[in-house]
Amino acid sequence: MLVIQPIGGKDDWEALFHEAGHTEHYANTSADLPMEARRLGDMAVTEGWAMLMQHLVTEPAWLNRRLDVPRVEELAHDGAVSLLYFVRRYAASCSTRSSSSRQRASRRCATATPRSSATR
Ligand SMILES: [Zn+2]
């Protein structure tokens, strides 16, 4: 079952297609795999399927071929701006986490290093 809470507009279509990507991924994952391989694997795989489907909603060639949508170029531009926003947001998040991890590791290292070792 695929459920989204509609709010109207392109975001609904992106959410629907994103979740449909997850559905496709899990529906086409072999039932012969062990449970942990089917459900607990690398999340990048299912997110890749989801993003692939989600971005169809702002892909001009796909929109022209499959749907009768007005303002295709406007949708494509909006999709590109939205993608740029999220790439910047996630890059900043990774950068912050990476920086925090380095600071924690540095503190652990400083704490673990005996003060007397500097004088040896
Ligand atoms: Zn997702």
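Helices here are DSSP runs of H or I with at least four residues, numbered from the N terminus. The model is predicted: local features need pLDDT of at least 70, side-chain atom pairs count only at pLDDT 80 or more, and totals for chains, interfaces and linings use all residues. Residues are numbered from 1 along each chain as its sequence is written.

Select residues 10-27, helix H1, and residues 43-54, helix H3: their axes come within 7 Å and cross at roughly 140 degrees. Axes are lines fitted to C-alpha atoms, for helices over the stretch in contact, with angles from 0 to 180 degrees between N-to-C directions. H1 is therefore oblique to H3 (under 35 degrees is roughly parallel, over 145 roughly antiparallel, 65 to 115 roughly perpendicular, the rest oblique).

Next, show the contact residues (C-beta atoms, placed from the backbone, within 7 Å). On H1 they include Phe-17, Gly-21 and His-25, and on H3 they include Trp-49, Ala-50 and Gln-54.

Now pick Gly-21, in helix H1. Gly-21 is buried, with 21 other C-beta atoms within 10 Å (20 or more count as buried, 12 or fewer as exposed, those in between as partly exposed).

Finally, colour by pLDDT, the predictor's confidence in each residue, from 0 to 100. Select residues 113-120, where pLDDT stays under 50. Where pLDDT is low, predicted coordinates should not be read in detail.

Conventions: Helices (H or I, at least four residues) and strands (E, at least two) are DSSP runs, numbered from the N terminus. Two residues are in contact if their C-beta atoms, placed from the backbone, lie within 7 Å.
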